[in-house]
Amino acid sequence: MKVNTMAEMMADGTTPEVLFWVGCAGSFDQRAQKITKAFATILDKAGVNYAILGKEEACTGDPARRAGNEFMFQMMAYQNIQTLNGYQIKKIVTTCPHCFNTLKNEYPALGGHYDVIHHTQFLQELIENGKIKFTDTNEWKGKQITYHDSCYLGRANDIYEAPRKVLESLDMELIEMKRCKSKGLCCGAGGAQMFKEEEKGDKRINTERADEAIAAQTSYVASACPFCNTMLTDGIKNRKEEVNTEVLDIAEIIAQAIQ
Amino acid sequence: MITSLALFLFSKKLLRIRSNILMGKDFSANDEPIARWKNVFLLALGQKKMFRNPMVAVLHLFVYVGFIVINIELLEIVIDGLLGTHRLFEPYLGASYTVLINIFEILALLVFIACVVFLVRRNTLKLKRFISKDLNGWPRSDANYILITEIVLMSLFLLMNACSIENNFIVSSQIQLYLKGMSAYELNLIEKTAWWLHIIGIYAFMNYLPYSKHLHILLAFPNAYYAPLAPKGMMHNMPAVQNEVIYAMHPELAPADAAAPSSFGAKDVMDLTWKNLMDAYSCTECGRCSAACPANSTGKLLSPRKIMMATRDRLEEVGKNSILNKGFKEDGKSLLNDYISVEELRACTTCNACVEECPVSISPLDIIIELRRSLIMEQSNAPQEWNGMFSNIENNFAPWKFAPDDRDAWTKQV
């Protein structure tokens, strides 16, 4: 499978319909790379004409901005918007809710105007349009799963339904955690917490959330964010429940069912 | 005379609060009036967020509707007092007067019941947000005083009605049964006393409002109107920093007289926007934010409610200072560090749970972010790991130390 970069496409004189913004976690983190590969596979099989920025992609600046370092954020935003506008990008899909939020809500004020969607929304579209076809032996059918709402998809951008609709399209049985949707509990990674130790307290936030996920008693926990995925996986490991409860990104679940 | 004194003191205090709020930085929020009025109707008038807990929402609704509707009766009570009349509106309204007073009485009873339930709930159920140390001292008494005052006021209102023997209202007639043995003179005396206590109580309560956490009954409305309409995930842009970066990249664009901005982020209340400051006065310290906060509920020092209370306390202090010294005189203190610690700020995951929960459209997150900006950009105060993350982003274009050339390495494995 060939993954095209914008530079290659431009050299060929073609334009992709959508840019896949991979994000730093999706590019470098070993666990998140699996999500990236799964999503790229889906795009390929669904016949989507897409490209990535490749080495030209850089951090959106989200963690720097949320930590309080506006200078760093502005520098990264400036650089990315130059690149994106240079390629005249119109539509972006990303597997990271943090990149999604920044590209969609924060770049317009800096001159970067794009139609940005999250991969769960894109997957929902592809399924509804019949571009994604599942294998006849749908192994996910009837399996119980719980979905963890990412803060930057849910509360930050009111996206609660798309990920759930995608899971339902596989006829999975969705069991909600005690706190879900707008009341969903954070995994503990947002606001640049991913990159530092937690403050002193009684319990780690990801352990608290992992306990709620374990209490749902499903074999699978669906996530839609590479950071949530890491936090929940670690939390579940701390409770020694990793044999019973597996954390998977929605793209990975779809990739396993696709024809 | 008492009426005018009460109104005078009340408006004086409100004006002072207004001038305190206006110490905040300007920010414009007058776009999309239709969406903003919709928020006023849904969030303030309709109390949409309260219904996340229906049982409490219904009790709160009794108190709220009771408050508004019984204030209509207050008009008659005050005019009666001023003109020396007795139930002035009765002859004009005829039978509907009884219906009206019956509605008032039922509401008064519901307010009474709701406040008793709230008082018991607050003080006996060990709900985390009520026993939290955030409320130690004055805030805890404040909450109880408000509930007790409401209970007393409603009792006086009903007792007053019960003593007017010529009337037969739905709730007070039940109380009347216990007053049977009394003479007309005694009843008249009780009615008069209840009337006076009720009216003085109302005025006292009105003037207590601006000093208490209860100001939300007024400020919930403008606060809903000025609530941000953008998705909650969007952080405010800092055009000053944006320009600095543009000028660094394109020195030719920099105006000759470009002066660097005086400061970044917020160190003290004057650096926040007036909306942040109005938020502080709107907070009724219910603690729904802190109950939902992932950091607070796992035992971290951060409590969004405390952020709002600290902002208000500091603002009151700065306000008093400004009046005493005819303009703010440096007092060696600031919101950051003296009222809100670095440890609290660092624990925030920016998950927006506090913003989502707040029934009166407050954003503690906005204040946290502004203080964080000051910490990093003014004081270069960051944990080691964050400094590492910043330098990785700067040098490797990712928060981790990976070679930028490997960004597309995954494409070779598919």
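**Sheets, helices and the chain contact**

In S7 of chain A, the bridge partner of Thr146(A) is Val221(A). A word of caution before I go on: this is a predicted model.

That residue pair belongs to the pairing of strand S5, residues 144–147, with strand S7, residues 220–223, both in chain A; the two are parallel and share 3 bridges. S7(A) also pairs with strand S8, residues 246–249 of chain A, again in the parallel sense, over 4 bridges. Here Val221(A) has Val247(A) as its bridge partner in S8(A). How does the chain get from S7(A) to S8(A), and what is the hand of the crossover? The path goes through helix H11, residues 226–238 of chain A, and the β-α-β crossover is right-handed.

Staying with H11(A), its packing partner here is H10(A): the angle is about 75° and the axes are 8 Å apart. The two helices are therefore roughly perpendicular, since angles of 65 to 115 degrees are counted that way. From H10(A), the contact uses Asn206(A), Thr207(A), Arg209(A), Ala210(A), Ala213(A) and Ile214(A). The H11(A) side consists of Met231(A), Leu232(A), Asp234(A), Gly235(A), Ile236(A) and Asn238(A). By type, the residues of this contact are 6 nonpolar, 4 polar and 2 charged.

Next, two backbone angles. Most residues other than glycine have a negative phi. Lys240(A), in the loop between H11 and S8 of chain A, has a positive phi, near 55°. Is Lys240(A) buried or exposed? Lys240(A) counts as exposed, because there are 8 C-beta neighbours inside 10 Å and the cut-off for exposed is 12 or fewer. In chain B, Ser361(B) also has a positive phi, near 60°. Ser361(B) sits in the loop between helix H18 (353–357) and helix H19 (364–377) of chain B. With 25 C-beta neighbours inside 10 Å, Ser361(B) counts as buried, because the threshold is 20 or more.

Back in chain A, there is an open sheet of 4 strands, in the order S2-S1-S3-S4, with parallel pairing. Its edges are strand S2 (50–51) and strand S4 (115–118), each of which pairs on one side only. Strand S3, residues 91–94 of chain A, runs parallel to S4(A), joined by 4 bridges. Within that pair, Val93(A) stands opposite Ile117(A) of S4(A). Helix H6(A) packs on this sheet and touches strand S1 (18–21), S3 and S4 of chain A. The direction of H6(A) makes about 160° with that of S4(A).

One residue to look at is Ala25(A), in helix H2 of chain A. Ala25(A) is buried, with 26 other C-beta atoms within 10 Å. Leaving out residues up to four places away in sequence, Ala25(A) touches Ala32(A), Cys96(A), Pro226(A) and Phe227(A).

Last, the two chains. How many residues of chain A are in contact with chain B? There are 59 of them, and they meet 57 residues of chain B. The elements giving two or more residues to the chain A side include helix H2 (24–28), helix H3 (30–45) and helix H10 (205–215). H5(A) gives the most, with 7 residues. The chain A side as a whole divides into 26 nonpolar, 17 polar and 16 charged residues.

How values were computed
Residues numbered from 1 in each chain as written. Chains lettered and ligands numbered in written order. Predicted model: local features only at pLDDT ≥ 70, side-chain atom pairs only at ≥ 80, totals over all residues. Contact = placed C-beta atoms within 7 Å. Nonpolar A, V, L, I, M, F, W, Y, C, P; charged D, E, K, R; others polar. Pairing = 2+ DSSP bridges. Right-handed = clockwise from strand over helix to strand, strands pointing away. Axes fitted to C-alpha atoms, helices over the stretch in contact; angles between N-to-C directions. Parallel < 35°, antiparallel > 145°, perpendicular 65-115°, else oblique.
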